Amino acid sequence: MHSLSYKKTLNYLIWLSLTLLPVLASSSLYAQENGAALYKQHCSACHSNTGEGGIGLPLATPSVIESLPDSYIKKTIIQGRPGRIMPAFDQLSADEVDAIVGHMRLWGEQKVSNDTTPIKGNALKGKATYQQHCASCHGQNLEGNTLGTGVTFSRDRSLPVMPPALNNAGFLDAASDAMLKYSISHGRIGTPMPAFADTLTEPQINDVVSYIRAAHQQQAKPPVDEDALSLMYDSPLDFDETVDAVRSTISAYNFRTFPDRYIEQGLTDEFSSNKKQVIIRFCNFKKLYDAIRIEPRIGTILPCKITIFETEDGEVKLVTVNIKRYGSLFNNAQLDKALEAISEAYEEILDEVTL
Amino acid sequence: MTIAMNKLLITFLYTLATAICVVSNTAVATEDILTARTSSDFESTLEKSKLVLEEHNFTVAHVQRCDGGLRQMGYHTDNYKIIFFGRLEEVREVTRAHPELMPFLPLKLAVFAEKDETLLSIVNPTSILAMMPALEKELQPLFSKWEKELRQVLAEFQ
């Protein structure tokens, strides 16, 4: 009896396994064979379909791809660059990340070693060497070029890459000392990064690596902003008076206002739009230009606007976005700073109208 | 015999669990800013964007010319426009129940040129909702639906 039951169970399990095997195999194959598709889906918007770069690094440039160990690329994909434009793709599976790396490897082999042994150097001496040879591009404090990321708006299109922030926690976590040394020694032909193998001695390069690595120890996690995403205020005035007050206050703060719109305008005919939901749109073009130079996608959250609406009870309220909090979605510390000024203006305008 | 069967069962269940994990790991990344790149030029991409949105039953409310304003003010800029779009019933329902969401509606699609290519970007609606935890439970179905639809819209450009 037992023997029969065992055989039946075994047969059943074998059948189930055989059914599952193709599923498993196709899943793995899916990841492996679809590196190109995954790259296109997740990376091409910034790095371009062919890897020639854009908002992001020109990964297909031979001197770039050769200097990046697989481990570096994988960590970069998963962790991103805190405070920079590169997001973390931590939802991707290990197979999918491997597939993307496999696709990128079609552009060039890894030439840097996988050695993760820390390089011993003198960080103090390295700082002096860094200031002399690297700071003009990578910033006095390893903060990278501060002009922003987008090709179109922030830099000459003939420049294929912006000098990265070497003090970025994500970068330092992903890059081995061997990779840093390789990049400094060999440079990146086709980018503004020169090779220093003939300019600096090996101990000097080791010192610079140690100086960059020392920044890793000083990293602090940025505070998490838990402020409300939208800000709502009661108006002491009636609806029309509030609209007028907001419009005139905005002009006084050097913003240019656009014609008002109803929230529903354009979604329905002009007679059916709710006229008690008015959007006052405004823009300071200097601030907009600065923000676009830092993050070309900023248009997704701009222009500035304050919405005035009347509730069914006749209360008049103003609602607007907490632009600082909203801007944090871009994971860009430079942008956060730029948005701070806009945020202050918002607060002052709203205070002036409602107090 | 029973011990052998148990062992077999445990091994099988482990394999099954692993299989489920592997299969389910083909999830789509939840990027905060959904972006697509197309090798098409700006003007045709802008026109196609409006058509694709309409094919997904969104209504295009208006197009804001960011580049026009910047140029007027003396700034050098490439082509940059923002399409405002939505569905009346959804916008009306959400703003009536949750006026704090008014600043995010209608939805916005930024279309901008980069060299000869064009990029399209939009804030992931579920990322907005994730920053408003009190509304998450109630609005998750709608915002997830929007995310899915917007990914489909962008996929038509890649």
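Helices and strands are here DSSP runs numbered from the N terminus, a helix having at least four residues and a strand at least two. With that in hand, and keeping in mind that this is a predicted model, one can turn to residues 70–125 of chain B, a span that is 25% helix and 39% strand and whose end C-alpha atoms lie 27 Å apart.

Chain B as a whole holds six helices and five strands, and its elements follow one another from the N terminus in the order α-β-α-β-α-β-α-β-β-α-α. Of the 158 residues in chain B, 39% are buried, and among the contacts in this chain between residues at least 6 apart in sequence, 60% join residues that are at least 24 apart.

The five strands of chain B form an open sheet with antiparallel pairing, and their order across the sheet is S1-S5-S4-S3-S2. Strand S1 (33–38) and S2 of chain B are at the edges, where each has a single partner strand, so one side of each is left without a neighbour in the sheet. From one strand to the next, the twist averages 20 degrees. The partner of S1(B) is seen in its antiparallel pairing with strand S5 (residues 117–123) of chain B, which extends over six bridges; within this pairing, B:Thr38 has B:Thr118 in S5(B) as its bridge partner.

Two loops of chain B deserve a careful look at the backbone. In the loop between helix H4 (88–97) and strand S4 (107–114) of chain B lies B:Pro106, and the peptide bond that joins B:Leu105 to B:Pro106 is cis, with omega about -5 degrees. The loop between helix H2 (42–55) and strand S2 (59–65) of chain B contains B:Asn57, which has a positive phi of about 65 degrees although it is not a glycine; with 8 C-beta neighbours inside 10 Å, B:Asn57 counts as exposed.

Chain A is divided into domain 1 (35–217) and domain 2 (230–354), and the C-alpha centres of these two domains of chain A lie 38 Å apart. A:Ser48, in the loop between helix H3 (44–47) and helix H4 (62–65) of chain A, also has a positive phi, of about 75 degrees, although it is not a glycine. A:Ser48 is buried, with 22 other C-beta atoms within 10 Å. Further along chain A, helix H11 (residues 177–186) has as its buried residues A:Met179, A:Leu180, A:Lys181, A:Tyr182, A:Ser183 and A:Ile184, and this helix is followed by A:Gly187, whose phi is positive, near 65 degrees.

A:Pro303 lies between helix H14 (285–294) and strand S5 (304–310) of chain A, and the peptide bond from A:Leu302 to A:Pro303 is cis, with omega near 10 degrees. Five of the seven residues of S5(A) are buried, so this strand is largely enclosed by the rest of the structure. S5(A) pairs in the antiparallel sense with strand S4 (residues 277–283) of chain A over six bridges, and in this pairing A:Ile279 stands opposite A:Thr307. Five bridges also join S5(A) to strand S6 (residues 316–321) of chain A, again running antiparallel, with A:Glu310 opposite A:Val316 in S6(A). S5(A) and S6(A) form a hairpin with five residues between them, and A:Gly314 in the turn has a positive phi of about 90 degrees.

Which residues have the most contacts inside the largest nonpolar core? This core has 121 residues, and those with the most contacts inside it are A:Ile100, A:Val208, A:Val246, A:Ile280, A:Ile308, B:Phe85 and B:Leu109. Helix H16 (residues 333–354) of chain A gives the most to the core, contributing eight residues. Both domain 1 (35–217) and domain 2 (230–354) of chain A give residues to this core, so it lies between them. When its neighbours within four places in sequence are left aside, A:Ile308 is in contact with A:Phe239, A:Thr242, A:Val243, A:Val246, A:Val278, A:Ile280, A:Val316 and A:Leu318.

Definitions and conventions:
Residues are numbered from 1 along each chain as its sequence is written. Chains are lettered from A and ligands numbered from 1 in the order in which they are written. This is a predicted model: local features need pLDDT of at least 70, side-chain atom pairs count only at pLDDT 80 or more; totals for chains, interfaces and linings use all residues. A nonpolar core is a set of buried Ala, Val, Leu, Ile, Met, Phe, Trp, Tyr and Cys residues joined through C-beta atoms within 7 Å. A residue is buried if 20 or more other C-beta atoms lie within 10 Å of its own, exposed if 12 or fewer, and partly exposed in between; C-beta atoms are placed from the backbone. Domain bounds come from an automatic or database domain assignment. Two residues are in contact if their C-beta atoms, placed from the backbone, lie within 7 Å. Two strands pair if DSSP finds at least two bridges between them. Axes are lines fitted to C-alpha atoms, for helices over the stretch in contact, and angles run from 0 to 180 degrees between N-to-C directions.
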